[in-house]
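Biologist: I'd like to go through this one label by label. Can you show me what you're looking at, and then back up the words you use?

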Amino acid sequence: FPFPYTPYLIQEQFMAALYGALEAGRVGIFESPTGTGKSLSLICGALSWLRDFEEKKKQEEARLLALEGNGQEEKQPLTSDEPGCRNGKDTSEEPDWIAAFVQKKEEQDLVNRLKEEQIRRKKREDRLEKIRHNVQLKYAAKRKRSEEDETKRLLQLSKEMLSEGAGGDVLEQLDHNEEELILAEYESDEEQRVAPGLEEDDDDLEEEHVTKIYYCSRTHSQLSQFVHEVQKSPFGKDTRLVSLGSRQNLCVNEEVRRLGALQLINDRCVEMQKNKHEKKSDEEKEGKRRRVSRNVCPFYSYEQMQFLRDEVLVEVKDIEQLVALGRETKACPYYGSRYAIPAAQLVVLPYQMLLHEATRSAAGINLKEQVVIIDEAHNLIDTITCIHSAEVSGAQLCRAHSQLLQYMERYRKRLKAKNLMYIKQILYLLERFVAMLGGNVNQNPSCQAVSQTGTVLKSINDFLFQSQIDNINLFKVQRYCEKSLISRKLFGFVERYGSPAPAVKTNKENQKLVGLQNFLLTLQQGSDKEACTLQSPPVEAENDQLRAASPLMQIEGFLSALTNANEDGRVILNRQGTVGQSSLKFLLLNPAVHFAKVVKECRAVIIAGGTMQPVADFREQLLSCAGVDPARVVEFSCGHVIPPENILPIILCSGPSNQQLEFTYQTRDLPQMMDETGRILCNLCNVVPGGVVCFFPSYEYEKQVYAHWEKTGLLTRLAAKKKIFQEPKKANQVEQVLVEYAKCIKRCSQSGGQLTGALLLSVVGGKMSEGINFSDDLGRCVIMVGMPYPNIKSPELQEKMTWLDKTMPRTAGQAPSRMLIENLCMKAVNQSIGRAIRHQKDFASILLLDHRYARPAIFNKLPQWIRERTQVKPAFGSAFAELRK
């Protein structure tokens, strides 16, 4: 498929390598700096393989069924996975007639399975074909659903009218909204019973997963762009594609969407599902005087979601189209898309959803013998680490304790014994966590000064022992939090009684709640029984934070993190100023422990990106630690689409005044270094047209250099040739700066005045170093000031380095910790300098300002397409002459 994005030769090599990796069931590390063409080539190669795989599978099924139909038997040597080696045991000592019987039975079972699969496939294909060609059927089904909905509403209305005349509650008077705040009776896994009607729909939804491709990328916008490219490709019309997303992206219930925070939306959605099943059971119980009004989701209808599932499988749709379809058909896109997964050939999803096991399981993703393609995977290790790490502040811990204690006191008589037991355990955990930060849960965290400030790292076991919670089963507490939806109930409780006092009705039923509400208000405003000498934070900001999410939700994530193996993570106690400002953080050290499950289950895994160098991190920290056989790993890197003369990478060792360029932490603050950097930029801005993007190691250093240039007058000289822009720290301002930067360059190119373009001062690892396209005149020159090594004094990084030195072997005489520092630096450099070349006819120069880039260990970590064309220039004169050309 010679798409216009890439030269045919490169694409042919790329797709051939991909096809081979999928056919052999390998773990592939693929690098292809070809923009959109890379993603599309990935999926076209994978879909080509999938077509061939399905065809071979059908041919093999037909052959086996033909053999069975003719009464022939195919004799093959038996392996441990085949009949004759039952449960992996050698059956050579068994009598021949037993072995023959077992083999015959296994062969018959295989034939039966193949026949069932054929029937299922035929039904699925017939159903989809009918939907494609019978538009009237769709509208008839929609009309039928509308009629049934109307009937249900009328029936429900009549039942409610009857119930109103049936008598009052026998228990304490609570309105139906408050009834929903009470926790349902909890049953642990050991004593769980299937509630009547709870699983009745799920049985109908069981469908065997066909072999499919899971395509993951970083953001929803990237996935949406990718789906549009698939729609235009040769596979667009007959590929069964499903786009997955979070409830925040796919929910069409406005009542739930208004909650805003993802965790609140998730909890509310799950609660409404439970309400649906509990409502059924309540209605079936006769003679019950008290009837609870349960809020259920009108979009969660099995029949409607079946209809949406079929619509999704018939035609390729992105998330926006899926949401529009859900609103039109009154079906939940979140669950409708999940029901489409088994029959889909291509599933598109953010890679956070695939890499987190609990999320994967909840979404119904089955990776057994499937293909996974992870695109934009340059920060895969960091992503896995972040997903499985968690942090809670002292203020959140104290707030959660206060709220949960008040909740328990309010509803103590209505809560079952098991609920009370778990709530008390959670309260004890919160109390001990605050004590580890040097505080007391009964006092205001903003008023408690911490005696010993600093950062301490502990192993998980040491933390559990020292906090005296090693006798509590955290697995059970975590499971209780998830299944009881306690964080959602608590949030609803605070929302109801934590608002200003006038909001509460002062009738007889609610008179007794005013005192409770006032108490919750004092908690929010930061007041306490004891005198507070420190200034409290603004009430408005505190209230906004309260309403954004329940603090118990973050604490649940921390409890989950503590269930990792002792050697795989560390707990960081960060004591700062007050207890409220202090925090507990879990740091995952071994991301491979979570990635291993993905690699072991899948048939093949492709880790791809435009800039994957250096790849040693993927091999050692992810694949080797995950137990992947090195023979199963294959690497492929293809060149860029541009011709060699379209790029000029230069390593500059000294500036115009022969000052050696070495931006170490000790020397980069020297005035002569900042002056030399300014002289280089002044010279470049005189000859480079359009836009120049200059990357600094940090925001602080960029601000320091800018202030120095302003003082020395160098900034005025720069501004004479290029209008100067600075990267903002706030994400919501980035778009505005980029628009102004682009407008300035376009205006200068058309007017032909003294200004020749614009200079953008950016930061490595900032908002503009990833995902931004400085194509054509937006980036004719990219400058990298120094080497952006991470902060080696960071406790997290030091612990990671120590862990690597203990667990990883030395490579080429270098310690693993040193390799980590270099790799983190060069990954950031490679991402930043790759912003300029974005298509086949683009051209730019790249300037690396530091003589250390010329060292072999560093030089070899540049991307191959840049490394092959890089020139090392000891003096500025020869480098400037090359740039003028």
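Biologist: Then why is Cys 269 called buried?

Modeller: Its relative accessibility is 16%, and the cut-off for buried is under 20%. So Cys 269 counts as buried.

Biologist: What makes Cys 625 partly exposed?

Modeller: Cys 625 has 34% relative accessibility. The label covers values between the 20% and 50% limits, so Cys 625 counts as partly exposed.

Biologist: Why is Ser 484 called buried, and what does it touch?

Modeller: Its relative accessible area is 6%, and buried needs under 20%, so Ser 484 is buried. Ser 484 belongs to helix α20, residues 474-484. Leaving out residues up to four places away in sequence, it touches Leu 183, Tyr 186 and Lys 489.

Biologist: What makes the Ser 484 side chain and Tyr 480 a polar contact?

Modeller: A polar atom of that side chain lies 2.6 Å from the backbone oxygen of Tyr 480, and the limit for a polar contact is 3.5 Å.

Biologist: What makes you say that strand β4 is mostly covered?

Modeller: Of its 5 residues, 5 are buried; β4 spans residues 346-350. Leu 346, Val 348 and Pro 350 point one way, Val 347 and Leu 349 point the other way, and all are buried.

Biologist: How do you know that β2 and β3 pair with β4?

Modeller: Pairing takes at least two bridges. Strand β2 (residues 213-217) has 5 bridges to β4, running parallel, with Tyr 214 partnered by Val 347. Strand β3 (residues 241-243) has 3 bridges to β4, also in the parallel sense, and there Leu 241 is partnered by Leu 346.

Biologist: Why are β14 and β18 called edge strands?

Modeller: They belong to an open sheet of 7 strands with parallel pairing, in the order β14-β15-β13-β16-β17-β12-β18. Strands β14 (722-726) and β18 (871-873) each pair on one side only. From one strand to the next, the twist averages 20°. At the β18 end, β12 (residues 647-652) joins β18 through 3 parallel bridges, and Leu 652 stands opposite Lys 873. Helix α35 (residues 876-884) lies across β12, β17 and β18, at about 170° to β12.

Biologist: Where should I be careful, and what makes you say so?

Modeller: Where pLDDT is low, the predicted coordinates should not be read in detail. It stays under 50 over residues 1-8 and over residues 191-205. The protein averages 78, and 77% of the residues score at least 70.

Key: Residues are numbered from 1 along each chain as its sequence is written. This is a predicted model: local features need pLDDT of at least 70, side-chain atom pairs count only at pLDDT 80 or more; totals for chains, interfaces and linings use all residues. Side-chain values use heavy atoms; hydrogens and water are left out. pLDDT is the predictor's confidence in each residue, from 0 to 100. Contact means heavy atoms within 4.5 Å. Helices (H or I, at least four residues) and strands (E, at least two) are DSSP runs, numbered from the N terminus. Buried means under 20% relative accessible area, exposed over 50%, partly exposed in between (1.4 Å probe, protein chains only). A polar contact is a pair of N or O atoms within 3.5 Å; within protein, one must be able to donate a hydrogen and the other to accept it, and residues adjacent in sequence count only if both atoms are side-chain atoms. Axes are lines fitted to C-alpha atoms, for helices over the stretch in contact, and angles run from 0 to 180 degrees between N-to-C directions.
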